[in-house]
Amino acid sequence: MRVLLDENLNWRLIRYFDPDCHVTTVDWQGWKGKRNGELLEQAAETFDVLVTMDKSIEYQQNISKYATGVILISARSNKL
């Protein structure tokens with residue numbers, strides 16, 4: 001599985017994924033600062049899932065039109 005962590009998440013979350021998952025970050029991809037729609041389009045070309053804490057993404061984007069899943073993390077903080 002190819003996983004992309006959004007820039008609002010700490011990159012150190014990578015260590016909590018299964019070793020069989022290929023996990024990288026928006027920053028490491030050079031996509032930092034991209035708007036959600038553009039990010040989802042690019043992610044859909046390479047990644048199976050985008051992991052984010054952006055609670056508004058489901059209201060701002062038609063997620064079903066992209067060929068990638070979105071996992072929305074709900075937490076008090078994005079600190080590890």
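Good morning. Please keep in mind throughout that the structure shown is a predicted model.

I begin with the overall architecture. The protein contains three helices and four strands. The C-alpha trace extends over about 30 × 30 × 20 Å along its principal axes.

Next, the interior and the surface. Of the 80 residues, 35% count as buried. Among contacts with a separation of 6 or more, 42% are made by residues 24 or more positions apart. The accessible surface amounts to about 5,300 Å², and carbon and sulfur atoms account for 46% of it. As for charge, there are 10 positive and 11 negative side chains, and the centres of these two sets are 9 Å apart.

I now turn to helix α2, which covers residues 36-46. Which of its residues are buried? They are N36, G37, L39, L40 and A43. Viewed down the axis of α2, these buried residues fall within an arc of 155°, so they line one face of the helix. What lies over the buried residues of α2? The cover includes the strands β1 (2-5), β3 (49-52) and β4 (69-72), and also the helices α1 (26-29) and α3 (57-60).

Finally, I would like to consider two residues in loops. The loop between β3 and α3 holds M53. Is M53 buried or exposed? Its relative accessible area is 15%, and a residue counts as buried under 20%, so M53 is buried. Leaving aside neighbours within four places in sequence, M53 contacts N8, L9, L72, I73, A75, S77 and N78. Between M53 and L80, which are 27 residues apart in sequence, the C-alpha distance is 13 Å.

The other residue, R12, sits in the loop between β1 and β2 (22-25). With a relative accessible area of 37%, R12 is partly exposed. The C-alpha atom of R12 is separated by 9.9 Å from that of T25, 13 residues away along the chain.

Thank you for your attention.

Technical notes. Residues are numbered from 1 along each chain as its sequence is written. This is a predicted model: local features need pLDDT of at least 70, side-chain atom pairs count only at pLDDT 80 or more; totals for chains, interfaces and linings use all residues. Side-chain values use heavy atoms; hydrogens and water are left out. Buried means under 20% relative accessible area, exposed over 50%, partly exposed in between (1.4 Å probe, protein chains only). Contact means heavy atoms within 4.5 Å. Accessible areas come from the Shrake-Rupley method with a 1.4 Å probe; for residues, only the protein chains shown count as cover. Lys and Arg count as positive and Asp and Glu as negative; His and the chain ends are not counted. The place of a charge is taken as NZ of Lys, CZ of Arg, CG of Asp or CD of Glu. The arc is that of the directions from the helix axis to the C-beta atoms.
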